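This report goes through one structure site by site. Please look over the sequence and the 3D view before reading on.

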Amino acid sequence: MFGKLKKKIWSAAVLLAFLAAPAAFAEDPPPTPEELVKIRAANDACLTCHSEAGLKKPPKEGLDLKKLRNHLVDLGTYTTSDHGQMACSKCHGDGYDDHPHAPKAREDLAECQDCHARKAMRIERQFDKSVHAENLSDKFTCATCHDPHVMTLAANLRDPHKIVAQDNKICLDCHDSDIAFAKMAPEKKKRPAIDDIHSWLPNTRLHWKAVRCIECHTPTEDKLSLSHEIQNKEKAEKKCATCHSANSSLNARLYRHLAKEEQNKYGFLNSVMLSSSYVVGATRNPTLDMILIGLFVATVVGVIGHGIVRALMNSLRRRKNHD
Ligand code: HEC
Ligand code: HEC
Ligand code: HEC
Ligand code: HEC
Ligand code: HEC
Ligand code: HEC
Ligand code: HEC
């Protein structure tokens, strides 16, 4: 009820802000080289303090260095991130232009939907149905997962290992940390250990490096992009062959940004992974399947045949002993 009202007021405010001073909307053309030089210079002013170098050699005395240590932005990571061509002040407002920063500077912080209205509408609908939005109320927001100084679109990272490292870090930083988990959900007594939950999955830590949590925890209907609906555990994917097979679901998801032949390479690796603990149908090689099925049948026939022969021999022997 209040949430809806708040959203309406927000939309109105965003519209007003748009009319008053067009901000950096995601649909805007990228900055020209001249504009970029100005942006970089302005950002450097922030980074004279908010960087490792700034921490070591503060530009002025009396700064709260203990606080500053928790507020660093890495320039290299920032520059290659999705927002790397933006001025810090586009999101943070003018309240931070001088230090000490304005007491209410934080209230000006722009939200994702202010600039990504169209995308955010689709994503918000999915996110609202997720376990986090439903169980953890307003405390869990877009920014809980998205560090806007760091994140890079999967399509730009392309390398599956980089994508997995980035996306799983989000989940593991909380689900693999008692401190972060308790901070988000103080009323929950204990965080279930992430490896125990998934003990049915062989070599879980290797899986965390090769495949994303969201691969198993979001619905697969949305073909255009990954859904933001993290579902409850009953709906999670447990079938090995979903990934370990010729037409791995990963081709449409994690590997979608790769060229076809690269996809096939990764898909093939996934399928041979299981060859040591062989599951029929999990490889892409029908001949191998036939050979293994043949071997299996031969073994079964052998075992049964062996059993019959032994039973016959035994009864023959018993008859002999009775004689
Ligand atoms: C002279 C050093 C200095 C400069 C320059 C500076 N900051 Fe800060 N900033 C700090 C320090 C120190 C803190 C830690 C807490 C405090 O003193 O406010 C801080 C805190 C912050 C915070 C977190 C505080 C909060 O409200 O939660 C943000 C965000 C921030 N700065 C953004 C910026 C931006 C954006 C710029 C550039 C426009 C900038 N700062 C320039 C020193 C600086
Ligand atoms: C696309 C929007 C966006 C841009 C651009 C941006 N920030 Fe931020 N920044 C945020 C948001 C959102 C948060 C709050 C995250 C949260 O809720 O913890 C934040 C938090 C911070 C903080 C507090 C850090 C913390 O861990 O609490 C600092 C310091 C900061 N930003 C500095 C910068 C500097 C310096 C730049 C430019 C180099 C910059 N930001 C560019 C959105 C942005
Ligand atoms: C002040 C405006 C602004 C805010 C606030 C903002 N962004 Fe952006 N964002 C941009 C611009 C500008 C670009 C670069 C344009 C592009 O590449 O499409 C961008 C690019 C992106 C991209 C990559 C391109 C795309 O459209 O998918 C993602 C993902 C993204 N932002 C997510 C977020 C998230 C999540 C938040 C909130 C934590 C956020 N943004 C907040 C302006 C903003
Ligand atoms: C539980 C963590 C989480 C939350 C909460 C979250 N995101 Fe995301 N988001 C991700 C991950 C992980 C990806 C990377 C998926 C991919 O590679 O396509 C992503 C991708 C995106 C993208 C780029 C891909 C696309 O579909 O365009 C945008 C834009 C985005 N998120 C916006 C948002 C907005 C807006 C919110 C809040 C309504 C939000 N996210 C909340 C984890 C989260
Ligand atoms: C291969 C698929 C798969 C992957 C990858 C995966 N999960 Fe799961 N997860 C499941 C399944 C299936 C369950 C339900 C297990 C059950 O009920 O026995 C589950 C359960 C959970 C639960 C429920 C815990 C509880 O309360 O019992 C959490 C939280 C969770 N996963 C988080 C994660 C995180 C975080 C990652 C990434 C590091 C991840 N999962 C990766 C399949 C997966
Ligand atoms: C800041 C902390 C935080 C982050 C980040 C986070 N989660 Fe969670 N998640 C929680 C908490 C707390 C719960 C417990 C909610 C409850 O059961 O009430 C939870 C619950 C879950 C559940 C269990 C639902 C069930 O059925 O019990 C799954 C699955 C899950 N998260 C997956 C993920 C995935 C995947 C990501 C990354 C995309 C992620 N989470 C990111 C804190 C987090
Ligand atoms: C969401 C996709 C997904 C699911 C579901 C999944 N796996 Fe995997 N698994 C992978 C990927 C990706 C790799 C790594 C392949 C690579 O490195 O190229 C992997 C690796 C492996 C490995 C090799 C580990 C090693 O030590 O080298 C084994 C064994 C394995 N999986 C077994 C299973 C079994 C058994 C199941 C079902 C209980 C399962 N996997 C479910 C994606 C998945």
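## Terms and source

A residue is taken as near a molecule or strand if one of its heavy atoms lies within 4 Å of it. This is a predicted model, in which local features need pLDDT of at least 70 and side-chain atom pairs count only at pLDDT 80 or more, while totals for chains, interfaces and linings use all residues. Residues are numbered from 1 along each chain as its sequence is written, chains are lettered from A and ligands numbered from 1 in the order in which they are written, and side-chain values use heavy atoms, with hydrogens and water left out.

## Around ligand 2

Ligand 2 is surrounded by 14 residues, of which the closest are Cys88, Cys91, His92, Pro148 and His149. An N or O atom in the side chain of His92 is 2.8 Å from a nitrogen atom of ligand 2. For His149, a polar side-chain atom lies 2.8 Å from a nitrogen atom of ligand 2.

Helices (H or I, at least four residues) and strands (E, at least two) are DSSP runs, numbered from the N terminus. Helix H6, residues 88–92, gives the most to the shell around ligand 2, namely three residues. Residues are also sorted by class: Ala, Val, Leu, Ile, Met, Phe, Trp, Tyr, Cys and Pro count as nonpolar, Asp, Glu, Lys and Arg as charged, and the others, Gly among them, as polar. The shell around ligand 2 has eight nonpolar and six polar residues, and no charged ones.

## Around ligand 1

There are 15 residues around ligand 1, and Cys46, Cys49, His50, His101 and Arg106 come nearest. A polar side-chain atom of His50 is 2.8 Å from a nitrogen atom of ligand 1. Oxygen atoms of this ligand take part as well: one is 3.0 Å from an N or O atom in the side chain of Tyr96, and one lies 3.2 Å from a polar side-chain atom of His99. Helix H2 (33–47), helix H4 (65–69) and H6 are the elements that give two or more residues to the shell around ligand 1. By class, this shell has seven nonpolar, five polar and three charged residues.

His99 is also part of a backbone feature: a cis peptide bond joins His99 and Pro100, with omega about 0°. Pro100 is placed in the loop between H6 and H7.

## The iron of ligand 3

Donors to a metal are N, O and S atoms within 2.8 Å of it (3.2 Å for Na, K and Ca); water is not among the atoms, so sites may look incomplete. His83 (NE2) and His116 (NE2) coordinate the iron atom of ligand 3, at 2.0 Å. His83 lies in the loop between helix H5 (75–80) and H6, and His116 in the loop between helix H7 (112–115) and helix H8 (117–128), so the pair ties together parts that are 33 residues apart in sequence.

Four donors count as tetrahedral if all angles lie between 85 and 135 degrees; four count as square planar and six as octahedral if opposite donors are over 155 degrees apart and all others between 65 and 115; anything else is irregular. The site of the iron atom of ligand 3 is octahedral, with angles of 87 to 179° among its six donor atoms.

His83 is partly exposed at 24% relative accessibility, and His116 is partly exposed at 29%.

## The iron of ligand 5

The iron atom of ligand 5 is coordinated by His198 (NE2) and His217 (NE2), at 2.0 Å. His198 is in the loop between H14 and H15 and His217 in helix H16 (residues 213–217), and the pair links distant parts of the chain, 19 residues apart. His198 is buried, with a relative accessible area of 12%, whereas His217 is partly exposed at 24%.

## Backbone with positive phi

Arg158 has a phi near 60°, a positive value in a residue other than glycine. Arg158 is found in the loop between helix H11 (154–157) and helix H12 (160–175), and is partly exposed at 36% relative accessibility. Asn203, likewise not glycine, has a positive phi near 50°. Asn203 lies in the loop between helix H14 (194–197) and helix H15 (204–210), and counts as exposed at 52%.

Conventions:
A polar contact is a pair of N or O atoms within 3.5 Å; within protein, one must be able to donate a hydrogen and the other to accept it, and residues adjacent in sequence count only if both atoms are side-chain atoms. Buried means under 20% relative accessible area, exposed over 50%, partly exposed in between (1.4 Å probe, protein chains only).
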